[in-house]
Amino acid sequence: MTVASSNGSTAAAGGPLLEVSGLKKHFPIHGGLLRRQIATVYAVDGVDFEVQPGEIFSLVGESGCGKTTLGRSLLRLIEPTAGSVKFHGQEVTGLSADALRGMRRKLQIIFQDPFGSLNPRMPISDIIGEGLLAQGLTDRKTRDTKVEDALETVGLRREYTRRYPHEFSGGQRQRIGIARALALEPEFVVCDEPVSALDVSIQSQVLNLLLDLRRDFNLTYLFISHNLSVVQYFSDRVGVMYLGRIVELGTVEELYRNARHPYTIALLSAIPDPDPRRRKKRLVLKGDVPSPVAPPPGCHFSTRCWLREQLGNPERCVSEAPKLRTLQSGHRVACHFAEDVAPDVVDATIAQQKADVPELSDIA
Amino acid sequence: MTETIVARPPLGAPPDRETLLDVRDLKTYFRVLDGVVPAVDGVSFSLGRGQTLGIVGESGSGKSVTALTIMRLLDIPPAEIGVESEVWFDGREILRIPIGEMRKVRGNDIAMIFQEPLTSLNPVFTVGEQIAEQVRLHMKVGARAAWDRAIESLQLVGMPSPKQRVKQYPHEMSGGMRQRVMIAMALSCEPKLLIADEPTTALDVTIQAQILELLKTIQQRTGSALMLITHDLGVVAEMVDRVVVMYAGQVVEHGTVNDVLLEPRAPYTMGLIESIPTVEKRGGRLSVIKGVVPSPFHLPPACRFEPRCPYAWDLCTTEAPALVPVAGADRVARCHLHTPAGESRRAAAKAHHVDAMHTGQTMKEEPA
């Protein structure tokens with residue numbers, strides 16, 4: 001097996017940059033006296049999608065849906081249990097450690113937590129320069145110039161190389177994290193919640209920076225976020241995840257205007273809108289996300305599904321896991337009854353839902 | 001008990017009966033090694049019975065300290081409250097009453113919900129014991145009655161199977177359920193005022209929707225007033241009638257939620273709303289507020305927002321703006337733009353804002 005040459009393989013031109021199929025990551029839980037495996041966390045449970053060159057593909061979902069695990073398995077920061085990840089048509093999952101290192105230069109990641117992801121004992125020159133040295137892209141003499149260039153690219157001063165992470169604000173640290181990833185001149189960057197730890201006014205600075213860098217360096221992003229408004233503004237296509245699976249996938253326009261999966265519809269209806277004129281009745285989901293240790297049989301969303309309730313709890317939802325299938329509108333959805341979703345069904349559900357709070361008179 | 005007598009100005013007149021909470025010129029300082037941090041610097045607002053008020057601002061704006069000062073939950077020292085500050089609650093000044101009196105007000109009349117429900121609950125007691133303890137302290141009822149009351153209040157916040165849940169420990173519950181317990185505890189004594197400090201920030205969006213609906217329903221049914229502290233303008237838009245915007249310890253704008261969010265008048269509020277990603281801004285660059293919140297040790301000399309403000313002129317660096325009424329509305333904004341001196345610049349600023357809301361563009365160059 002050979003590694004794609006460093007100028008990027010042109011053999012796969014025209015095809016997707018990244019192809020993911022059947023990807024699974026199961027974490028064993030050990031317990032008991034003999035530390036035997038007693039259960040499994042189905043963090044990522046069979047995910048297929050592809051990312052086209054130059055696009056921003058977003059994964060959204062609530063905590064515990066597996067989006068971060070998925071992002072890290074793509075880079076093999078976490079070793080996937082099964083499935084395949086192809087970059088430029090070349091399999092990443094089977095690569096040897098050496099070959100993987102070559103590949104990693106092209107696949108980078110920006111982490112969520114700008115405080116936890118930078119080593120507090122390293123000056124910025126080491127944090128950004130470490131990858132450059134490991135990849136053999138520079139030597140000790142020219143390292144600092146390269147680091148300074150990277151800092152300048154993300155809008156920080158060149159003199160900052162001698163400083164330590166604690167001297168910077170949250171927004172600046174996130175810029176350092178971005179500089180660290182970009183110093184290696186990657187083609188594909190996984191952005192794992194890069195703005196969720198930041199205040200609104202700083203968040204917009206970082207989003208603008210990411211958009212500028214994409215334009216200047218021809219980057220492709222996999223953007224992981226739980227913030228649906230940011231995703232709508234920022235991305236081209238979106239995959240919605242629930243309990244380790246993608247339940248709906250489509251362009252931003254299609255998905256936000258014409259969502260077909262009952263979970264996506266509830267998720268979109270839950271976004272608080274800063275425009276008070278658009279105060280709306282929400283479709284509120286009942287209960288919590290089930291544990292990924294024991295996901296419900298069949299459709300993972302069946303325990304909270306309002307559509308299933310509307311349809312009189314069909315057996316199929318719990319007996320058969322819905323496949324991600326393509327609808328006429330072109331986007332993909334994993335629901336047996338996606339065709340039954342219509343605005344009037346949603347309205348009827350909202351009208352029926354009583355706040356799950358009993359009347360005061362019921363209690364006294 | 002004699003306290004060290006600081007020359008305190010005489011109390012002002014109590015507010016009228018309809019005003020539940022009246023905060024006047026609230027100042028909270030922290031004396032630390034490096035100097036004095038003016039965390040809250042002259043904040044005034046009032047809240048009527050049964051009304052809802054939002055306090056918004058970014059981290060470090062002083063919104064949480066405002067709430068903690070009102071609740072008198074800050075340790076003095078290091079905190080220090082301005083001698084001229086007054087907080088009137090239900091016809092009584094509560095900053096000066098003995099702390100024992102204040103304990104009766106807390107829980108009975110004012111209850112508070114915090115951001116992180118796991119750290120606010122005691123891990124070694126069941127949730128039922130914790131709610132019942134509060135009920136017994138404040139309502140003078142027996143153990144049996146308090147326990148029943150705990151079950152009732154869990155039922156009130158929509159907890160499934162409350163009779164079983166009441167015997168569970170906090171770690172056995174999810175984040176949303178724990179926040180329900182916090183709300184149940186806060187409501188168990190039927191407070192007149194509920195202060196919620198970022199009640200949904202730690203929760204997922206579908207759980208946030210559940211908790212917001214719950215707060216709204218309960219607030220309407222019990223008729224308690226709500227003071228909601230948040231950084232999320234979306235939450236504010238859905239939950240409250242009036243809103244106070246804070247920046248660097250000061251109120252920069254105060255008005256109805258529709259006025260402030262749809263037609264903001266303080267440059268900070270304008271910038272904040274411009275920087276929120278929306279559909280309309282897709283394809284364009286987001287507006288940014290350049291720079292960062294100033295350090296409390298080195299506040300700008302006059303207007304605190306001036307170094308980041310796209311509309312600032314020389315007056316803004318020499319004279320601190322006051323909260324001035326904005327023409328034609330029941331609201332105030334802290335900006336020279338709304339004084340006669342800024343009249344000539346007002347229209348241009350408005351136009352700039354409207355423009356930024358649609359196209360999304362950089363307000364000023366980002367920091368180099």
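First, some ground rules. The model is predicted, so local features are given at pLDDT of at least 70 and side-chain atom pairs at pLDDT 80 or more, while totals for chains, interfaces and linings use all residues. Residues are numbered from 1 along each chain as its sequence is written, and chains are lettered from A and ligands numbered from 1 in the order in which they are written.

Let me start with chain A. Its secondary structure comes to 13 helices and twelve strands; these are DSSP runs, H or I of at least four residues for helices and E of at least two for strands, numbered from the N terminus. The radius of gyration of chain A, taken over C-alpha atoms, is 22 Å, close to the 21 Å from the globule rule for 364 residues, so chain A is as compact as a globular protein of that length. That rule is 2.2 Å times the number of residues to the power 0.38. The C-alpha trace spans about 75 × 50 × 50 Å along its principal axes.

How much of chain A is buried? The share is 45% of the 364 residues. Buried means that 20 or more other C-beta atoms, placed from the backbone, lie within 10 Å of the residue's own. In helix 9 of chain A, six of the eight residues are buried, among them Y263(A) and I265(A).

Last, strand 9 of chain B, residues 225-230. All six of its residues are buried, with A225(B), M227(B) and I229(B) on one side and L226(B), L228(B) and T230(B) on the other. Which strands pair with strand 9? Strand 3 of chain B does, in the parallel sense over five bridges, and strand 8 of chain B also runs parallel to strand 9, joined by five bridges. Pairing needs at least two DSSP bridges. M227(B) stands opposite L53(B) and opposite I195(B).

Terms used:
Buried ≥ 20, exposed ≤ 12 C-beta atoms within 10 Å, placed from the backbone.
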